[in-house]
Amino acid sequence: MEIHIAAAGDMLIQRRINHESEGFNQVRDLLFKADARFINLETTVHNGEFFANRFSGGSYLRISPETLEDVKAYGFNIVSFANNHSMDFSHAGLMETKKHIDNFGFVNAGAGANLDEASAPSYLETKNGRVAIISVVATMDSTIGSDEALAGKQSRRFIGRPGVNGLRIDGHVEVTKDQFDVIKEVAQLSQINAQLDIERAEGYHPPLKAGTVNLKNIKFELSDRTKYVTHPNKEDMQRIEKAIFVAKKQADCVLVSVHSHELSGDKKENPADFLVEFAHNCIDAGAHAIIGHGPHLLRPVEIYKGCPIFYSLGDFVIHNECIPFAPEDMYASQGLNSDDTMFDLFKNRSKDFTRGLMRDRRMLESVIANFDFKDGKITNIVLTPIELNFDKEIWQSGNPRISYNHNIIERLSDMSISFNTKIKLDAHGNGIIEI
């Protein structure tokens, strides 16, 4: 049997969507052709009864439970909500979100009451086969509160900690001898590491290896080049690979969802080095496709060992300036307070509506990936371009419709060349990937 899969990127939904609005039926009909239909739900789900966390994913995102009806109306049946907004309203908000997602019948993964629950595969039963989903979120990104969002393991005496299935990032900066000597001198003269050095001597931190110097939490290593180097954390990678092993024994097709904002170089389109390594490791462990999201724009597609890696599918829905209410912390981040309006907040943050996600056309142009799985292999991949009404008023923009703008696929094709991926336009304006 052949399983047809459809995957979209970020659904940052903050208002209801009219099911008779422009483009809704076309997009819904496209998605309903698939057996498994994936989306990253980038919001919390509750009625605003929880306190705001100390940190957020950049905005404090929340929808009322009935808004999930719109997610279901598009046809999605697999949801990840492991992302940088999972903990916007702390542990209670996360668990309430999971409760409502469960109640609506969405297969979901990536967050839960403890690490075992958050990291476990979930399964969708379809008429053509069983699909497993494992969801992961990278946690070096400062917008997720570092490691504070990570789910915790249970022990024999204590319950686990709610949170996300995190992929920590091991990073350091390689520097030349001259650069290393300057950094070492700065560290010594400023005594920036004094407390860490005392704690290390007391046994609370591992010793530094030779050729390494720290400035607080930034590690510099002696090298013959200058480069920021990142790798997936080994412990987290092993846990995720174990989940893939389990899923492959229980399902026909294994999907891995990964939420990551980090980049390499100086372009947002470039996936970070650790993310490429992570995706390859997952496929080596038995995953059949990697579905990336997070930076709110398209990133390259790679075909690795016959399996697709979508480093980011961009936005499916983005209502980033339609948030009706915000906690005091969000106002304070803009030098305002809750006596001001949300209009004032967004006007200030966007520099009088001249910058930000909603001002960048790339954030409102993306694709829906459709691919077929048969006899253990991906057989074909079609990318349908969508656009999210960039030129409309803010309360009208952000919802998807099928696009006939060839520039979307052409731009994705150009950025995927570096991964040796060939994407061709068909007669309907879709992108066809050669496997």
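1. **Basis.** The model is predicted: local features need pLDDT of at least 70, side-chain atom pairs count only at pLDDT 80 or more, and totals for chains, interfaces and linings use all residues. Residues are numbered from 1 along each chain as its sequence is written, and side-chain values use heavy atoms, with hydrogens and water left out.

2. **Overall fold.** The protein has 11 helices and 25 strands. Helices (H or I, at least four residues) and strands (E, at least two) are DSSP runs, numbered from the N terminus. The C-alpha trace spans about 65 × 55 × 50 Å along its principal axes. The radius of gyration is 22 Å, which agrees with the value near 22 Å for a compact globule of 435 residues. That radius is taken over C-alpha atoms, and the globule rule is 2.2 Å times the number of residues to the power 0.38.

3. **Burial and surface.** Of the 435 residues, 56% count as buried. Buried means under 20% relative accessible area, exposed over 50%, and partly exposed in between (1.4 Å probe, protein chains only). The protein exposes about 19,400 Å², and carbon and sulfur atoms supply 50% of that area. Accessible areas come from the Shrake-Rupley method with a 1.4 Å probe; for residues, only the protein chains shown count as cover.

4. **Contacts along the chain.** Residues 24 or more positions apart account for 71% of them.

5. **Aromatic pair F24 and Y74.** The structure holds 9 aromatic pairs. Rings of Phe, Tyr and Trp (its six-membered ring) pair if their centres lie within 6.5 Å; planes under 30 degrees apart count as stacked, over 60 as edge-to-face and the rest as tilted. F24 and Y74 have ring centres 4.4 Å apart and planes at 35°, so this pair is tilted. The pair links distant parts of the chain: F24 is in helix α1 (residues 24-32) and Y74 in helix α2 (residues 68-74), 50 residues apart. Both F24 and Y74 are buried. One aromatic cluster is formed by F24, Y74, F76 and F316.

6. **Aromatic pair Y311 and F419.** This pair is also tilted, at 5.2 Å centre to centre and 35° between the planes. Y311 lies in the loop between β19 (307-310) and β20 (315-318), and F419 in the loop between α11 (406-416) and β24 (423-425), so the pair ties together parts that are 108 residues apart in sequence. Y311 and F419 are both buried.

7. **Charges over rings.** A charge sits over a ring if NZ of Lys or CZ of Arg is within 6 Å of the ring centre and within 35 degrees of the ring normal. The charged end of K72 sits over the ring of F106, 5.2 Å from its centre. R130 places its charged end over the ring of Y123, 4.1 Å from the centre.

8. Side chains of opposite charge can pair when their charged atoms come close. The structure holds 26 salt bridges, each a side-chain nitrogen of Lys or Arg within 4 Å of a carboxyl oxygen of Asp or Glu. K219 and E221 meet at 3.8 Å, N to O. K219 is partly exposed at 31% relative accessibility, while E221 is buried at 12%. In the bridge between K305 and D284, the closest N and O atoms are 2.7 Å apart. K305 is in the loop between β18 (301-304) and β19, and D284 is in helix α8 (residues 273-285), 21 residues apart. K305 counts as exposed at 61%; D284 is partly exposed at 44%.

9. The side chains of R401 and E387 meet in a salt bridge of 3.7 Å, N to O. R401 lies in strand β23 (residues 401-402) and E387 in strand β22 (residues 377-387), so the pair ties together parts 14 residues apart in sequence. R401 is partly exposed, with a relative accessible area of 21%. E387 is buried, at 16%. Salt bridges that share partners join E22, E387, K392 and R401 into one network.

10. **D181 and N108.** D181 lies in helix α5 (residues 177-190). D181 is partly exposed, with a relative accessible area of 33%. Its C-alpha atom is separated by 49 Å from that of N108, 73 residues apart along the chain.

Methods
Contact = heavy atoms within 4.5 Å.
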